[in-house]
Every structure is written in structure tokens, then in C-alpha cells.
Amino acid sequence: MVEITQENNKELYQCEECGFHYQDKTTAEKCEAWCKEHKSCNIEITSHAEENKQKVNN
Ligand SMILES: [Zn+2]
């Protein structure tokens, strides 16, 4: 199950398998499905994670 977390008043969705946070639930679910099946991360998906994004807003 994807976890909803709060960060800086912003809701993020966390993949329970790898722990990365995503702004969008669909991506988090995709990540979790991939992580469970492959026991590793998909770079295409994890590149969308908050942890791997450059903070260009503001
Ligand atoms: Zn994951």
C-alpha cells in the first residue's frame, strides 16, 4: 500500500518498498508495483521521485 505523507504542507505518496516519495499517487503505485515484482527500482520511475527531482519551483 502506498503511504500518504505530509511534507511542507504538501501531500506526497510514498512507495513502501523503496521509500521514495512522489507527488502523484499513480506514479507511487507504479513504483511500488515495480519494486515488489523486480526487487529493485526502475530509474524511469524513480527519476520522478521528490528525492531525485531538482527543486526548480519557487
Ligand atoms: Zn519503489
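This is a predicted model: local features need pLDDT of at least 70, side-chain atom pairs count only at pLDDT 80 or more; totals for chains, interfaces and linings use all residues.

**The sheet and its surroundings**

Modeller: Among contacts in the protein chain between residues at least 6 apart in sequence, 24% join residues at least 24 apart; two residues count as in contact if their C-beta atoms, placed from the backbone, lie within 7 Å. Residues are numbered from 1 along each chain as its sequence is written.

The protein chain holds three strands and two helices, in the order β-β-β-α-α from the N terminus. Here helices (H or I, at least four residues) and strands (E, at least two) are DSSP runs, numbered from the N terminus. The radius of gyration, taken over C-alpha atoms, is 11 Å, close to the 10 Å that the globule rule gives for 58 residues, so the protein chain is as compact as a globular protein of that length. That rule is 2.2 Å times the number of residues to the power 0.38.

The part I examine closely is the sheet. It is open, its three strands follow the order β1-β2-β3, and the pairing is antiparallel; two strands pair if DSSP finds at least two bridges between them. At the edges lie β1 (3-7) and β3 (21-22), each pairing on one side only. Between β1 and β2 (residues 10-14) there are five bridges. Glu3 has Gln14 as its bridge partner in β2, and Glu7 has Lys10. The two strands form a hairpin with two residues between them, and Asn8 in the turn has a positive phi of about 50°.

A residue is buried if 20 or more other C-beta atoms lie within 10 Å of its own, exposed if 12 or fewer, and partly exposed in between, with C-beta atoms placed from the backbone. Of the five residues of β1, the number buried is zero, so this strand lies largely in the open. Over the 58 residues of the protein chain, 21% are buried.

The largest nonpolar core has nine residues, including Tyr13, Tyr22, Cys31 and Ala49. Such a core is a set of buried Ala, Val, Leu, Ile, Met, Phe, Trp, Tyr and Cys residues joined through C-beta atoms within 7 Å. Helix α1 (residues 25-38) gives the most to this core, with three residues. Leaving aside residues up to four places away in sequence, Tyr22 touches Leu12, Tyr13, Thr27, Ala28, Cys31, His48, Ala49 and Glu50.
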